[in-house]
Amino acid sequence: MDLTRTADLWWRNAVVYCLDVETYKDGNGDGHGDFRGLTQQIDHLDRLGVTCLWLMPFFPTPDRDDGYDITDFYNVDPRLGTLGDFVEFVRTAQDRGIRVICDLVVNHVSDQHPWFQQARKGRDAPYRDWFVWCDEPPKDGPTGVVFPDQETSLWEYDEASGQYYLHRFYKHQPDLNVANPAVRDEIARVIGFWMELGMSGFRVDAVPFLLETQGQDDAGLLPDPHDYLADLRAFLSRRNGQAVLLGEVNLPYQDTMRFFGDPDGVGDELNMCFDFIGMQRLYLSLARADAGPLASALRERPVPPRDAQWATFVRNHDELTLDKLTEDERNEVFAAFGPEPDMQLYGRGLRRRLPTMLDGDPARIRMVYSLLFSLPGTPVLFYGEEIGMAEDLRAEGRLAVRTPMQWAPVHAGGFSTGDPSRLPGPIPDGEYGPERVSVSSQRRDRESLLSWMSTLIERYRECPELRWGDYDVLDAGASSVLAYRADAADGTVIAVHNFADSPAEARLALDGLDASWVLTDLLGSDVSTGGTTKVSDGGEVRLRMDRYGSRWLRAERPEAVGGTMAP
Ligand code: GLC
C-alpha cells in the first residue's frame with residue numbers, strides 16, 4: 001500500500017480526538033480549563049498517537065448549551081483564554097504533527113448574539129432576515145423537537161415583534177436563515193477566519209438542520225441545499241486543499257450518503273460523516289452478545305465517494321443516541337446498559353460512558369476499542385476514553401459525560417489547582433475517580449487501558465489496508481463473532497472480535513489464500529500458536545477466541561514475514 005496516499009488524504013487514516021477546552025486542563029488555577037492548560041498537555045495527545053484534535057466550541061457564550069450557543073464567532077471565550085493563547089496552542093499542536101479542527105456551529109446562534117438582539121427589535125430591524133420568522137408556524141414546516149425535555153415546539157413567539165422565530169434546538173438558540181445570501185457570506189467569513197488561524201477543517205454541527213429550509217417563505221432563494229454545502233466545501237478547499245468537513249448527520253445510511261455529495265466521483269460536500277447507525281448497532285450487538293446487528297450494519301453501509309470516509313465512534317459528548325433502533329431494540333439496550341431512568345435521556349439515549357455500561361470489564365472494554373480502530377472508517381475518540389473515564393450522574397443531562405479530564409490521583413484529578421466549587425463539573429469519586437482512573441497512573445502500567453489504546457493506534461496506523469482496502473464481512477461460524485477482512489493491492493488484514501462472555505471458535509473461509517499463507521497476530525501473540533495461524537489448502541482457518549477476545553491478523557507468506565509492515 002503506497003503510504004504517500006495516506007498523507008494526501010490524511011483524514012482517511014487519522015486518529016481524531018474530541019475535547020472541550022473548558023474541561024481538559026486548567027492552566028491558571030481559576031477552576032476552568034483553558035488554552036494554556038491544554039497546550040501543556042499536548043504531549044499526552046502526541047504520545048497517544050492522536051493526529052487530529054477536534055475542539056468543541058470555545059467561542060464567547062452564555063453557556064446554556066455548553067458553548068453550542070455562540071455570541072461571537074470571531075473570538076475566544078475569555079474564561080478559556082485569548083486569541084493569542086489559541087494561536088500558541090495551534091502552533092504547538094502543529095509542531096507535534098497534530099492538525100486541529102473545531103466545531104462550526106452555524107445552524108443557530110445564542111439569543112444573546114448581537115445579530116439576534118438587533119433582529120428582534122422589529123420587523124424592519126437590521127439582521128431581521130438573518131433569522132427565520134413567521135406569523136403562524138407553517139403547517140408544512142419542519143417537525144420534531146430535538147430536546148423534548150425542555151421544548152415542545154420549534155417556534156417561539158417573540159412578543160416585541162409579534163412573530164414566531166424558528167429554533168431547531170433550545171428556544172434560546174434561534175436558527176440562522178441560510179437562504180439569505182448575507183448569512184451565507186458571513187458563514188464563509190467565519191470559516192475563512194479560523195482557517196487563517198490554522199484550522200484544518202471543521203466538525204459541522206447539525207448539518208441536516210443547517211440546510212433545512214422546508215416551509216420557509218424564502219426557501220426558494222436557496223436553489224438546492226446540497227449545492228450550498230458543495231459551495232462551502234469548494235470555498236474551504238480553495239483556501240486549503242487539505243482542509244476537511246466532518247459532519248454530524250444522524251440519518252439512515254442512504255440519506256446520509258447525500259451529504260458526501262457527488263456519489264460517483266471523489267465527493268464534493270462533507271469529507272466525513274459520523275456513522276451513527278453503525279454506532280447504535282454496536283451497542284445492540286454488545287447487549288445481545290451477538291455480532292449480527294453490527295455485521296448487518298456493516299453490510300448495509302454504503303461505500304462513500306472515493307476520497308470521503310465514514311467517521312466511527314463509540315461515545316461522543318452527547319447522549320448515546322439510540323434513535324435509529326426500533327423501540328424494542330432500544331429497550332434491550334436500555335435494559336442492558338442504562339436501566340435506571342436517571343441514566344436515560346430524551347427517551348432515546350443514555351448519558352453514560354462505556355466502562356460503566358460494561359460493568360468495568362477490562363476485556364470487554366478493550367474489545368470495543370479494538371473494534372473502533374479496526375472497523376472501516378476514521379476513529380474518533382472522546383477525551384477520557386483512553387483511560388476509561390466514567391460518567392457522573394450528579395451532573396445535569398449530557399454534562400454527565402463531560403466531567404473534567406482525570407490527569408492524576410491528586411486534588412481535582414490534576415485538572416485544576418483551583419477551588420473545587422468553581423470546576424466546570426463534578427469529579428467522579430469511588431471506583432472511577434482519579435484515585436483509580438488517571439493518565440499518570442496508567443502511563444506507568446503496561447497492562448492499562450491507556451497502553452492498550454496506544455497499541456491499537458500504532459497498529460491502526462500501520463494497517464492502512466483497513467481504511468483503503470475493500471472490506472468484506474465474513475461468515476465466522478459463531479453468532480458471537482464478528483470477522484471482516486480488508487484487502488488492498490498488496491495486503492490483507494483480518495479482524496476478529498468475540499462479543500460473548502465465553503470463548504468461541506471462529507471458522508473462516510478466506511478466498512484467495514491457501515496453505516502457502518499464515519495469519520500473523522498483530523495485537524500480541526497467542527502463545528499456543530507462536531503468533532501465527534496456518535491456513536488450510538482450501539483457505540480455511542480456525543481461530544480460538546477468548547471471551548471478549550480481539551484479534552487482528554495479517555495474511556502473509558512465511559518467506560515474506562518481516563518484509564512487510566508486520567510489527
Ligand atoms: C449538536 C451538538 C450538541 C448541541 C446541538 C446544538 O447536536 O452535538 O451538543 O447541543 O448540536 O448545537
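## Charges over rings

In this predicted model, Arg353 is placed over the face of Tyr383, at 5.2 Å from the ring centre, where a charge counts as over a ring if NZ of Lys or CZ of Arg is within 6 Å of the ring centre and within 35 degrees of the ring normal. Arg128 likewise lies over the face of Trp133, at 3.4 Å from the ring centre.

Local features need pLDDT of at least 70 and side-chain atom pairs count only at pLDDT 80 or more, while totals for chains, interfaces and linings use all residues. Residues are numbered from 1 along each chain as its sequence is written, and side-chain values use heavy atoms, with hydrogens and water left out.

## Aromatic pairs

The structure holds 36 aromatic pairs, a pair being rings of Phe, Tyr and Trp (its six-membered ring) with centres within 6.5 Å, and with planes under 30 degrees apart counted as stacked, over 60 as edge-to-face and the rest as tilted.

Phe116 belongs to helix α6 (residues 114–119) and Trp133 to strand β4 (residues 133–134), so the pair ties together parts that are 17 residues apart in sequence; helices (H or I, at least four residues) and strands (E, at least two) are DSSP runs numbered from the N terminus. Phe116 is buried, with a relative accessible area of 0%, and Trp133 counts as buried at 12% relative accessibility. Elsewhere, ring pairs link Phe35, Phe58, Phe59, Tyr74, Phe86, Phe89, Phe193 and Trp194 into a cluster.

Within helix α12 (residues 292–300), the buried residues are Pro293, Leu294, Ala295, Ala297 and Leu298. The elements that cover these buried residues include α10 (253–257), α11 (276–288), α15 (362–374), β15 (470–474) and β16 (481–488).

## Packing of α11 and α13

Helix α13 (residues 327–337) packs with α11 at an angle of about 60 degrees, with the axes 9 Å apart; axes are lines fitted to C-alpha atoms, for helices over the stretch in contact, and angles run from 0 to 180 degrees between N-to-C directions. The contact (heavy atoms within 4.5 Å) is made by Tyr283, Leu284, Leu286, Ala287 and Arg288 of α11 and by Glu329, Glu332, Val333, Ala336 and Phe337 of α13.

Definitions and conventions
Buried < 20%, exposed > 50% of the residue type's maximum accessible area, 1.4 Å probe, protein only.
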